[in-house]
Amino acid sequence: MKRSKIIIELIKDEINVSKIEISGNSKLKLGEKTTLNVQITPSNATNQNVIWKSSDDSVATINENGVVEGKKIGNVTITAIVDGLSQSYKIQVLEIEVNSISVNQNKVELLENESIAIIQKIVPDNETNKTL
């Protein structure tokens, strides 16, 4: 009796992505980081791999985990690509604002033609506009 070998291969149907949505903060300050989230529909789609892109890496970068970092004041579009579909999300990178300014003198009395040096401290140290 001759034996035959039968191979059965099960092929699972691929479930395509029909929609992607991005959510997260649309504004961040210079130097800050925020994480964007992507919702893939249907949730059981075969390809769950998200490719992230920034329209201008000098304004903001994004890594493979969806973490955006503000690099320069301005506007940028972040795009998520999944299974050939793409969705864009606008991000605004803002300047770091001054919280307070303090000086080393509370009260100074000067006579005519006298001068004094006043030292100021701006908080936070990393604010972007240091002009007084």
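This is a predicted model: local features need pLDDT of at least 70, side-chain atom pairs count only at pLDDT 80 or more; totals for chains, interfaces and linings use all residues.
1. Is Ile8 buried or exposed? Ile8 counts as exposed because its relative accessibility is 68%, and exposed means over 50%. You can find Ile8 in the segment before strand E1, which covers residues 19-23.

2. Together with Ile6 and Leu10, Ile8 makes a nonpolar surface patch of about 430 Å².

3. Now take a look at the whole chain.

4. Four of the strands form an open sheet with mixed pairing, and their order is E2-E9-E8-E5. At the edges are E2 (27-29) and E5 (51-54), each of which pairs on one side only. On average, neighbouring strands in this sheet are turned by 30 degrees against each other, direction ignored.

5. Within that sheet, have a look at E8 (residues 74-82) and E9 (residues 85-94): the two strands run antiparallel and are joined by nine bridges. Which residue in E9 is the bridge partner of Asn75? The partner is Gln92. As a reminder, strands of a sheet pair through backbone hydrogen bonds, either parallel or antiparallel.

6. The chain has 132 residues, and 21% of them are buried. Its accessible surface comes to about 10100 Å², with 47% belonging to carbon and sulfur atoms. Among contacts with a separation of 6 or more, 53% are between residues 24 or more positions apart.

Notes:
Residues are numbered from 1 along each chain as its sequence is written. Side-chain values use heavy atoms; hydrogens and water are left out. Two strands pair if DSSP finds at least two bridges between them. Axes are lines fitted to C-alpha atoms, for helices over the stretch in contact, and angles run from 0 to 180 degrees between N-to-C directions. Patches are made of residues with over 30% relative accessible area and no salt bridge: like charges are joined within 9 Å, nonpolar side chains (Val, Leu, Ile, Met, Phe, Trp, Tyr) within 5 Å. Accessible areas come from the Shrake-Rupley method with a 1.4 Å probe; for residues, only the protein chains shown count as cover. A salt bridge is a side-chain nitrogen of Lys or Arg within 4 Å of a carboxyl oxygen of Asp or Glu. Buried means under 20% relative accessible area, exposed over 50%, partly exposed in between (1.4 Å probe, protein chains only). Contact means heavy atoms within 4.5 Å.
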